Amino acid sequence: MDSRHLETLLWVVRLGGIGAAAQHLNVTQPAVTRRIQELERELGAKVLQRQGRNVALTPLGQSCLERAERILSEVAMMKVAAGGDAAVGTIRVGVVESIALTWFQSFVARIERRYPKVRLEIDADLAGGLAAKLTRRQIDIALLPGPVDLLGSVRISLGSCTLKWLGHPRFHSQDHSLTAAELADLPTIGMPQDASVYHLMVSWFEEAGISPRFIHRCNSFSVMSLLVRRGIGISLLPAELFTEDLAAGTLKILIDHPKSNDMEYSAAYLRATDNPLVPQLAALAREESWFLGTPRGRTDQRGIEFPLRL
C-alpha cells in the first residue's frame, strides 16, 4: 500500500475536501481523486462518501484513518531518526506579527539548517485566529501570546514581555508620568477582540476605574506600531520590542500605574500531532525567543541583520 494514498486520505478529511487537500499536497484535484480510488480498490470498499458538497468517512474510512495516522507518524519518526537531512514534508506554522517581525527569521533559518528538506507554510494571524486554526488542525504549531487552554494541547513557554503604554513624545511633555485620567483622554489604538492584548487593555482601564475617550481598532501589529510612532495615538505595547525607540526618545513610556501586565508567549501544538518534528520545532522556538531575556542580537549565524524597527 502506497503511503501517499494514506496521506491523501488524511488531508482530505482534515481539510474537508478534495480541493483543499490538493492545494495542501501541491497536486491536482484529479490526482487526489485517483489516489483515493486506488486506496479504495486495494481495500475493496469505499472510504469516503459524499454529503452535499462535502465528503465524509465511511465506517471503513474511519478505521483506515486511525491506522493511517499511526502509520504516517511511524514513517515520519523513522525519517527523523535517520537524521535531519532525511526529514521531509510540510509543517504549517502559525505566528503572530510581534514574533514574525522580530525573531521569527532566525527561527526559520535554524529550521533550514537543521531540516533542509522540510518546507514551511507560514500563517500570520491574531492569537484567537491561530488558536482556532490549531484546534481545527489547519496549522501544526502556533507561536502566540496569551493563555493557551486547548484540549489536548502542549504548551512550551517562550517567555514574556512587559506591556507598557507607549506614545510619541508630543503626548508626554511633562517630566512626570501621566495620570490614568490624562492617558484615557488620549487617542488609543488597540487590537481586535481576538487578540490577547485586547483583553489586557480592557482590564487595565477597568482597574484604573476609567474609560478611554475613544479607541481605534487595528488588526496589524506593524501598522499599529507605525501609527504610534507617527503620533496618531498611543497603545499598550511590549516595551522590550521598542528598546531602540525608547533609547532614542522617539517613543516614551507614558504611565507606570496602574501596573501593566506581562504578556506570556507560547509555542503550542496538539499532543496528538502525527508529525514528530513539531515538538522539536517548539524547542527551537524556545531557543530563539527574545522573550526569555535580552534579545539575542541583531544577526544570525549567516550574518543577516534582523531589523528591530517594527
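The questions and answers below set computed values for this predicted model against their cut-offs.

The model is predicted: local features need pLDDT of at least 70, side-chain atom pairs count only at pLDDT 80 or more, and totals for chains, interfaces and linings use all residues. Residues are numbered from 1 along each chain as its sequence is written, and side-chain values use heavy atoms, with hydrogens and water left out.

Q: What makes up the fold in terms of helices and strands?
A: The protein has 12 helices and 11 strands. Both are DSSP runs, numbered from the N terminus: helices are H or I with at least four residues, strands are E with at least two.

Q: Why are α2 and α3 called roughly perpendicular?
A: The axes of α2 (residues 18–25) and α3 (residues 29–43) cross at roughly 105° and come within 8 Å. Axes are lines fitted to C-alpha atoms, for helices over the stretch in contact, and angles run from 0 to 180 degrees between N-to-C directions. Angles under 35 degrees count as roughly parallel, over 145 as roughly antiparallel, 65 to 115 as roughly perpendicular and the rest as oblique. Therefore α2 and α3 are roughly perpendicular to each other.

Q: Which residues bring α2 and α3 into contact?
A: From α2 come Ile-18, Gly-19, Ala-21, Ala-22 and Leu-25; from α3 come Gln-29, Val-32, Thr-33 and Arg-35. Contact means heavy atoms within 4.5 Å. By class, the contact has five nonpolar, three polar and one charged residues. Here Ala, Val, Leu, Ile, Met, Phe, Trp, Tyr, Cys and Pro count as nonpolar, Asp, Glu, Lys and Arg as charged, and the others, Gly among them, as polar.

Q: Why does Asn-26 count as exposed?
A: Its relative accessibility is 53%. Buried means under 20% relative accessible area, exposed over 50%, partly exposed in between (1.4 Å probe, protein chains only). So Asn-26 is exposed. Asn-26 sits in the loop between α2 and α3.

Q: Why is Thr-102 called buried?
A: Thr-102 has 3% relative accessibility, so it counts as buried. Thr-102 lies in the loop between α5 (97–100) and α6 (104–114).

Q: How do you know that Thr-102 makes a polar contact with Ser-98?
A: The side chain of Thr-102 reaches the backbone oxygen of Ser-98 at 2.8 Å. A polar contact is a pair of N or O atoms within 3.5 Å; within protein, one must be able to donate a hydrogen and the other to accept it, and residues adjacent in sequence count only if both atoms are side-chain atoms.

Q: Why is Glu-97 called partly exposed?
A: Its relative accessible area is 22%, so Glu-97 is partly exposed. Glu-97 is found in helix α5. A polar atom of its side chain lies 2.6 Å from the backbone nitrogen of Phe-221.

Q: What makes Asn-219 exposed?
A: Asn-219 has a relative accessible area of 55%, so it is exposed. Leaving aside neighbours within four places in sequence, Asn-219 is in contact with Glu-97, Leu-126, Met-191 and Pro-192.
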